[in-house]
Amino acid sequence: DKSRLQLLAKARSYHALSTQASVYIPLTNAPKNLSPYLSLDASLPWHTSALQATALETMTLPSRLRPPTRQRQSQRSTLDDLAAVFDNAGTRRIAMLDLRVADPHELEDR
């Protein structure tokens, strides 16, 4: 019965958030698939928060690029542009963030 109450509380929270946000992207504490060369202790907050920060920094990078100048163009975008990418049909308000880290040895071969 306690798990049903927790599920109901989550549903109410998601509903309340959906009226305030253009897109909601839940973060998980540990990835489903982890590359074998990475070691992660999911019980350590600094391990999981480092992965979450990496994912968020990567996802929002286009909004932090330099503005265009006369000599060069920029791929700078706004957070509204980012939300529009997730909301391709105008009705999607929940997205999923997935982080994949390439094996450094594979990157050397490129």
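Analyst: A residue counts as buried when its relative accessible area is under 20%, as exposed when that value is over 50%, and as partly exposed in between. By that rule, buried residues make up 8% of the 110 residues in the chain. The model is a predicted one.

Start with the overall fold. The chain has four helices and zero strands. Its pattern along the sequence is α-α-α-α. The accessible surface comes to about 9,300 Å². Carbon and sulfur atoms hold 55% of that surface. Now take the contacts in the chain with a separation of 6 or more: residues 24 or more positions apart account for 49% of them.

Val101 sits in the loop between helix H3 (79-86) and helix H4 (104-109). Its relative accessibility is 34%. Val101 is therefore partly exposed, since 34% falls between the 20% and 50% cut-offs.

Next, its partners. Setting aside neighbours within four places in sequence, Val101 is in contact with Ser35, Tyr37 and Leu38.

For contrast, turn to Thr60. Thr60 is placed in the loop between helix H2 (45-59) and H3. Its relative accessibility is 18%. Thr60 counts as buried because 18% is under the 20% cut-off.

The Thr60 side chain has two polar partners to note. One is the backbone oxygen of Leu56, which the side chain of Thr60 reaches at 2.8 Å. The other is the side chain of Arg64, in a polar contact at 2.6 Å. Beyond neighbours within four places in sequence, Thr60 is in contact with Leu79 and Leu82.

Val101 lies in the loop between H3 and H4, and Thr60 in the loop between H2 and H3. Val101 is partly exposed at 34%, whereas Thr60 is buried at 18%. The side chain of Thr60 makes a polar contact with the side chain of Arg64.

Terms used. Residues numbered from 1 in each chain as written. Predicted model: local features only at pLDDT ≥ 70, side-chain atom pairs only at ≥ 80, totals over all residues. Heavy atoms only, no water. Helix = DSSP H or I, 4+ residues; strand = E, 2+ residues; numbered from the N terminus. Buried < 20%, exposed > 50% of the residue type's maximum accessible area, 1.4 Å probe, protein only. Contact = heavy atoms within 4.5 Å. Polar contact = N/O pair within 3.5 Å; in protein donor to acceptor, adjacent residues only side chain to side chain. Areas by Shrake-Rupley, 256 points an atom, 1.4 Å probe, with all protein chains shown as cover.
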